[in-house]
Amino acid sequence: MASFREQMQQLADSISRTRTERKTFVAKNRKSRQKMAVEVSQQRETTKRELATKSRTLAKSLSDFNRNNQKSVARTLKDTRQGRLTMTRSMKHLLREEISKNTRNVARLLRQSNSDRKRNQRLRMREGSLTMQRVKKQVQRIRTATNRMTRSLSNDRYEARQIWNRLQLGTSASRTAGRAAESHAELPPSNSSRSPVLLAPTTPLSMSGLAIPPSPF
């Protein structure tokens, strides 16, 4: 077993050898390290430039997108507003046409109703005039017939009065003849041949059923 001094010597030799190797390695790889540092720096700068370029590209793309989006939105809003205005004008035009059409229809219906009312009024007036004429003609016919019947009744009453007067005169004459016959029968008969004597009936002329007609008016 090695002593402590030997172990310490071995450790020192190992450390010295390691340092030497390190120095040799560092001296050997200094150029590679410098080259790698340059490459890393260049790569870093390249990455920075690329990132900056990408950032500017993205910013520009975002700006273009925003600008295009704003233009698209503005155009869409303009088209929508224009479409709404066009639709509104079309609806207003259609509404004015409908109002004008309804106004014309109402005016035509009113004129037609007024014409029908005037026509019906003229028909009613014509019918009323014809009815009045018919009534007047009927009244005139009734008056004519009434006057004719009145004259006929007056003539009949006059003739009845005349017949009654003649009957009254005939009755008085028959009574006078009857009285003369009675007085002749009471005389004494003469020697001459008798002649038949006509005796008047003792009863007066019966006038039953014959009323005295009223006096003519």
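Which side chain does Asp116 meet in a salt bridge?

**Whole chain.** Start with everything selected. This is a predicted model. The average pLDDT is 78, and 80% of the residues score at least 70. Colour by secondary structure next. You will find 1 helix and 0 strands. That helix, α1, covers residues 4–185.

Now show the surface. The accessible area of the protein comes to about 20,000 Å². Carbon and sulfur atoms account for 58% of that area. Of the 217 residues, 3% are buried.

**Stop 1: Met8, Leu11 and Ile15.** Select these three and show their side chains. They form a nonpolar patch on the surface. Together they expose about 270 Å² of accessible area. Centre on Leu11, which sits in helix α1. Is Leu11 buried or partly exposed? Leu11 counts as partly exposed because its relative accessibility is 47%, and the buried class is for values under 20%.

**Stop 2: Asp64 and Arg67.** Move along helix α1 and select this pair. Side chains of opposite charge can pair when their charged atoms come close. How far apart are Arg67 and Asp64 in helix α1? They are 3 residues apart, so about one helical turn separates them.

Check the surroundings of each partner. Arg67 has 38% relative accessibility, so Arg67 counts as partly exposed. Asp64 is at 22% and therefore counts as partly exposed too. The cut-off for buried is under 20%.

**Stop 3: Asp116 and Arg119.** Here is the reply to the opening question. Asp116 meets the side chain of Arg119 in a salt bridge, with 2.6 Å from N to O. Both residues lie in helix α1. They are 3 residues apart, about one turn of the helix.

Asp116 counts as partly exposed because its relative accessibility is 30%. Arg119, at 40%, is therefore partly exposed as well.

**Stop 4: residues 190–217.** Finish by selecting this stretch and colouring by confidence. The pLDDT stays under 50 across residues 190–217. For this stretch the model has 28 contacts beyond four places in sequence.

How values were computed: Residues numbered from 1 in each chain as written. Heavy atoms only, no water. Patch = residues over 30% accessible without salt bridge, like charges linked within 9 Å, V, L, I, M, F, W, Y side chains within 5 Å. Areas by Shrake-Rupley, 256 points an atom, 1.4 Å probe, with all protein chains shown as cover. Salt bridge = Lys/Arg side-chain N within 4 Å of Asp/Glu carboxyl O. Helix = DSSP H or I, 4+ residues; strand = E, 2+ residues; numbered from the N terminus. Buried < 20%, exposed > 50% of the residue type's maximum accessible area, 1.4 Å probe, protein only. pLDDT = per-residue confidence, 0-100. Contact = heavy atoms within 4.5 Å.
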